[in-house]
Amino acid sequence: MLENTMYKLKNEKKLNVGYFGGSVTFGACASDRDKTSWRALTTKFLKEQFKDANITAQNAAISGTGTGYALFRMEEDLLKYNPDLVFIEFSLNDIYQQYSVEESVWFYEMVLRRIYEHNKNVDIIMAFITDRTYVGGTYKTKDAHEKLAAHYGIPTVDFGAALDAELKRTGNDIGMYIADWVHPTDAGYKVYADEMQRFLLSNLVAGEEMTAKELPKPISKNLKIGKVTTRLPEKDNTIILKGYTEDNSAWGGTLCPNWSKNAGDECILEFDGTYIGAWIESRPKGEAPENLVAEIDGKIYGPFCCIKHDCSLIHITMARDLTDTHHTVKIINRDGGKYRLVKIFTA
């Protein structure tokens, strides 16, 4: 029951809504993502239902991203807007990002606990999307995230099940609802939005007061919540890039920094903590390195898979169980594959 959300709407006459997810939450392939996406239609529904409340909505969704990337951007993209109600959709992108189930749950649990740490009265709804492979079925991160939701008492809304029911009811071809492999058409977005509206109508129940969330014991071990850091190699003068250059061949002529394409290129940095990862771009496809490694305190980690078939951006975890001390790192391009080092994540 979304009693805290209802209390804000009825008693304080205001609500800050955050949409935190990937391209489907962003509104990719909608005719107008700010009017016909499920996100936009859900905000419209809330404003129509509560006309006397000041409802603001923050689109904190970024295409192609999963829970790992979300953890390192949530302060800037979501939490600084102080949301009272957060819709989260990352489970399918965690499959696309090639996270293991255990790693996906680890990231997602940190995201959830950080949101609750920021606002103990926040309401969260976890949404599950589908694609042409999984419609009418399930997938491993969805199953794991449903268990995570149950552990934290977080409601879930299954857009995939709603789409499957629509297909069976109408007999329509899936192409009417999914434009490519995963992104909905306007008709598909309406199916998702209608399902969310049904959930909201059933669960927006008036509460007499705000109730702070009591967090259960974590499922995952070694959670990092308050120590996460994002570093931009081109702006951080403590990061040394050897052999990296600017390149304009990957994004239609746009000149981008931090491209490596030579065997032996190195990125050298230091950090304190137990985790290091990177957000990399391996466009054009087929040129990604197959022998990218990290030398951490003299020990080699990797090689890491830099090949992502549905798009070119991938989050790579290099190590996440290091001793909680100071570390020296060399990221080494051993085979001369082409990639861009976009961001470095440490915790």
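Trainee: Is asparagine 222 buried or exposed?

Mentor: Burial is judged by relative accessible area: buried means under 20%, exposed over 50%, and partly exposed in between, with a 1.4 Å probe and protein chains only. Asparagine 222 has a relative accessible area of 54%, so it is exposed. Please note that this is a predicted model, in which local features need pLDDT of at least 70 and side-chain atom pairs count only at pLDDT 80 or more, while totals for chains, interfaces and linings use all residues. Residues are numbered from 1 along each chain as its sequence is written, and side-chain values use heavy atoms, with hydrogens and water left out.

Trainee: Where does asparagine 222 lie, and what is its phi?

Mentor: Helices (H or I, at least four residues) and strands (E, at least two) are DSSP runs, numbered from the N terminus. Asparagine 222 belongs to the loop between α9 (186-203) and β6 (229-231). Its phi is positive, about 55 degrees, although the residue is not a glycine.

Trainee: How is the length of α9 to be read?

Mentor: The expected span of a helix is 1.5 Å times one less than its number of residues. With 18 residues, α9 reaches 25 Å from its first C-alpha to its last, close to the 26 Å expected. Its buried residues include Tyr189, Tyr192, Met196 and Phe199. Against which elements do they pack? Taking contact as heavy atoms within 4.5 Å, the partners of the buried residues are α2 (23-26), α3 (38-49), β3 (85-89), β4 (123-128), β5 (156-158) and α8 (159-170).

Trainee: Which residues have the most contacts inside the largest nonpolar core?

Mentor: A nonpolar core is a set of buried Ala, Val, Leu, Ile, Met, Phe, Trp, Tyr and Cys residues joined through side-chain atoms within 4.5 Å. The largest one here has 78 residues, and those with the most contacts inside it are Phe20, Trp38, Ile88, Ile115 and Met196. Helix α6 (residues 101-118) gives the most to this core, with nine residues. Apart from it lies another core, of 24 residues, among them Ile296 and Ile331.

Trainee: What is isoleucine 88 in contact with?

Mentor: Leaving aside neighbours within four places in sequence, isoleucine 88 touches Phe20, Tyr108, Val111, Leu112, Ile115, Ile124, Ile125, Met126 and Ala127.

Trainee: Why is strand β12 described as largely enclosed?

Mentor: Four of the five residues of β12 (residues 292-296) are buried, so the rest of the structure largely encloses this strand. As for pairing, two strands pair if DSSP finds at least two bridges between them. β12 runs antiparallel to β13 (residues 299-304), joined by four bridges, and antiparallel to β15 (residues 325-333), joined by five bridges. Glutamate 295 stands opposite isoleucine 300 in β13 and opposite lysine 330 in β15.

Trainee: What do β12 and β13 form?

Mentor: They form a hairpin with two residues between them, and aspartate 297 in the turn has a positive phi of about 55 degrees. Aspartate 297 counts as partly exposed because its relative accessibility is 46%. Within β13 is proline 303, and the peptide bond to it from glycine 302 is cis, with omega near 5 degrees.

Trainee: How many disulfides are found?

Mentor: A disulfide is a pair of cysteine sulfur atoms within 2.5 Å. A search of the whole structure finds zero. For cysteine 267, the nearest cysteine sulfur, that of cysteine 306, is 13 Å away. Cysteine 267 is buried because its relative accessibility is 0%, whereas cysteine 29 is partly exposed, at 41%.
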